[in-house]
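Please find below a set of numbered points for the modelling file.

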Amino acid sequence: MKNFEVIRHTMKQRKRSIRCKVFFVVMLSLVGYAFTFSHFSLIHPNDDQQINHHEATMERDGRRLETFFEERSRQETDKVLILRSQGDTNLTNLKVSELDEMIRNETKPEEDLLQPAAGRIQHKQENTEAVFSEKLIATQRSRSEDVQNGPGGRLSRSVGDDKKIVRVNLEKQTNGDIVKTVSSLEEPSMVTKDENLVPKSQKRNKTQKGMEAQKDASSGAPSVNEILKAELEAKMARIELLSQPVINDHSFEYIRNPVNACAFSRTEVLFIVPSAPENFQRRANTRKGAQSKYAREPSNNSKMVFFIGRPACGNDSAKIQAQIDDEFQTHRDIVQENFEDVYKNIRLKAVSMLKWTTTFCKEARFVIRTDDDVTVNVPKIVSVMEAKSRLHSEFILGDRKDGWKPVRKVHARFLKYFVSEEEYPDPTYPPFAVGGLLGYPLSTVSLLYQAALRVKPLWLDDVFITGICAVRLRIPLLKDPDFVFKHPKPTT
């Protein structure tokens with residue numbers, strides 16, 4: 001009996017031991033399976049996840065490369081412009097390899113990106129002068145060593161292995177910027193004083209050269225050097241102006257602001273429409289007009305926004321503001337800043353349009369301003385904008401007016417446009433465009449806004465923005481017969 005109890009006790013211990021081992025093995029299996037599954041899922045995601053991951057990575061890397069190459073292209077463009085303006089004749093004789101080496105030695109993206117714009121250009125110009133002089137001296141020295149007395153005392157020289165000289169061309173990029181590129185042109189294999197040694201394909205009659213020179217001079221077309229010099233002067237003028245302090249602070253609060261108007265979809269064309277707070281019917285008509293129809297078509301990638309100020313003080317101001325609030329809740333297309341909307345403040349409204357565009361719709365390509373009482377052919381004016389953008393990186397397009405004089409006489413008929421000599425001392429206005437219809441690239445809008453903060457103000461917005469500020473920025477003012485607007489005939 002005693003032995004039986006011992007055997008039974010031993011069996012219980014063995015069973016307990018077996019259960020523990022089985023439980024331990026099962027737990028290990030579960031842990032191993034869980035680890036294997038999680039590891040497999042991390043290492044081997046499904047195809048959709050892989051595709052999305054690679055697409056996001058490629059898009060991010062593409063943006064970084066695009067930013068880098070744009071900055072590099074801008075730096076090389078400034079370099080060529082400065083060299084070209086300082087030494088036209090000498091630069092023409094430099095070889096492609098020598099100019100490329102000069103650009104590579106002087107281009108420092110890391111340092112240039114950390115410097116302000118004005119300091120960066122000044123730094124480039126100072127360094128370029130020294131490097132250009134050293135390179136020119138070294139080049140002339142090396143070429144003088146190549147000059148040898150040929151057969152019969154004739155003077156000849158070798159032009160090197162590449163046999164190329166530099167030529168500066170203007171090309172058009174898709175982003176609208178004019179880029180100066182260096183291309184090569186085959187040079188004769190030998191330059192000599194003896195015409196018998198010049199290849200027949202390279203011979204030119206002196207009389208023919210003189211006739212061609214006279215033809216170029218009589219045509220009146222600007223030379224490449226003149227174009228490059230003008231563009232360099234424009235860049236320097238913009239840097240000088242934008243480095244000045246702000247004297248026209250525009251820090252009005254927004255009463256109504258559709259901040260997401262351009263946030264959720266691509267915007268190619270932005271229509272900005274100045275209006276008055278009480279012009280409810282005009283805004284309703286514009287929403288039914290050509291601009292709104294064009295903006296509502298998804299394939300056009302366009303938006304339309306109205307701009308107003310605060311209703312003028314009066315008995316109806318609260319009622320008008322309440323109607324504006326209801327209108328905003330319905331359409332979400334009104335930008336309202338907290339300045340009194342009277343005629344003398346039209347400059348503030350014009351600046352508010354520039355500011356909002358560069359802040360809340362800075363991905364737009366073109367900006368077209370139309371009044372709330374005009375009709376336009378939208379496809380035609382957009383087509384004109386496309387054509388002008390292929391010729392100019394910065395421009396203002398509109399109904400240009402030249403030689404207009406300020407209204408100095410206090411007369412009831414023209415009192416609305418009276419400008420004193422204290423406000424504007426010059427006898428005539430600079431060329432400007434009337435505000436019924438204006439078009440500009442977004443980069444021009446940004447430049448005009450920054451200039452409007454720094455130039456002595458004039459309350460006439462057309463003259464101030466498209467005239468005075470544009471002249472200071474060296475932005476061309478263009479006109480086109482297809483870029484027109486009409487006032488609708490009054491209904492009787």
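1. Leu-270 touches Cys-262, Lys-303, Val-305, Trp-356, Thr-357, Cys-361, Ala-364, Phe-366, Val-367 and Ile-368, with residues up to four places away in sequence not counted. Contact here means heavy atoms within 4.5 Å. The model is a predicted one, in which local features need pLDDT of at least 70 and side-chain atom pairs count only at pLDDT 80 or more, while totals for chains, interfaces and linings use all residues. Residues are numbered from 1 along each chain as its sequence is written, and side-chain values use heavy atoms, with hydrogens and water left out.

2. Leu-270 is among the residues with the most contacts inside the largest nonpolar core, which has 46 residues; the others listed are Trp-356, Tyr-429, Leu-448, Leu-458, Phe-464 and Ile-465. At least two residues of this core come from each of strand 7 (269-274), strand 8 (302-310), helix 12 (346-360), strand 12 (432-441), helix 14 and helix 15 (461-473). Apart from it lies another core, of 26 residues, including Ile-381, Val-384, Leu-397 and Leu-478. A nonpolar core is a set of buried Ala, Val, Leu, Ile, Met, Phe, Trp, Tyr and Cys residues joined through side-chain atoms within 4.5 Å. Buried means under 20% relative accessible area, exposed over 50%, and partly exposed in between (1.4 Å probe, protein chains only).

3. For the chain as a whole, the secondary structure comes to 15 helices and 13 strands. These are DSSP runs numbered from the N terminus, helices being H or I of at least four residues and strands E of at least two. Of the 492 residues, 36% count as buried. Among contacts between residues at least 6 apart in sequence, 77% join residues at least 24 apart.

4. Helix 12 packs against helix 14 at an angle of about 125°, with the axes 9 Å apart. That makes helix 12 oblique to helix 14; angles under 35 degrees count as roughly parallel, over 145 as roughly antiparallel, 65 to 115 as roughly perpendicular and the rest as oblique. Axes are lines fitted to C-alpha atoms, for helices over the stretch in contact, and angles run from 0 to 180 degrees between N-to-C directions. The contact is made by Val-351, Leu-354, Lys-355, Thr-357 and Thr-358 of helix 12 and by Leu-442, Val-445, Ser-446, Leu-448, Tyr-449 and Ala-452 of helix 14. By class, its residues are seven nonpolar, three polar and one charged. Ala, Val, Leu, Ile, Met, Phe, Trp, Tyr, Cys and Pro count as nonpolar, Asp, Glu, Lys and Arg as charged, and the others, Gly among them, as polar.

5. Helix 14 (residues 442-452) also packs with helix 8 (residues 224-242), at an angle of about 45° and with axes 9 Å apart. These two helices are therefore oblique to each other. Arg-238, Leu-241 and Leu-242 in helix 8 meet Leu-447, Gln-450 and Ala-451 in helix 14. The residues of this contact divide into four nonpolar, one polar and one charged.

6. Phe-395 sits in the loop between helix 13 (378-389) and strand 11 (396-401), and at 0% relative accessibility counts as buried. Leaving aside neighbours within four places in sequence, Phe-395 is in contact with Met-385, Lys-388, Ser-389, Gly-439, Tyr-440, Pro-441, Thr-444, Ile-475, Pro-476 and Leu-478. Phe-395 and Gly-439 are 44 residues apart along the chain, and their C-alpha atoms are separated by 8.3 Å.

7. Phe-485 belongs to the segment after strand 13 (477-478) and, at 22% relative accessibility, counts as partly exposed.

8. Two arginines deserve a check of the backbone. Arg-332, in the loop between helix 11 (317-331) and strand 9 (334-340), has phi near 55°, a positive value in a residue other than glycine. Arg-474, in the loop between helix 15 and strand 13, likewise has a positive phi, near 60°. Arg-332 is partly exposed at 45% relative accessible area, and Arg-474 is partly exposed at 44%.
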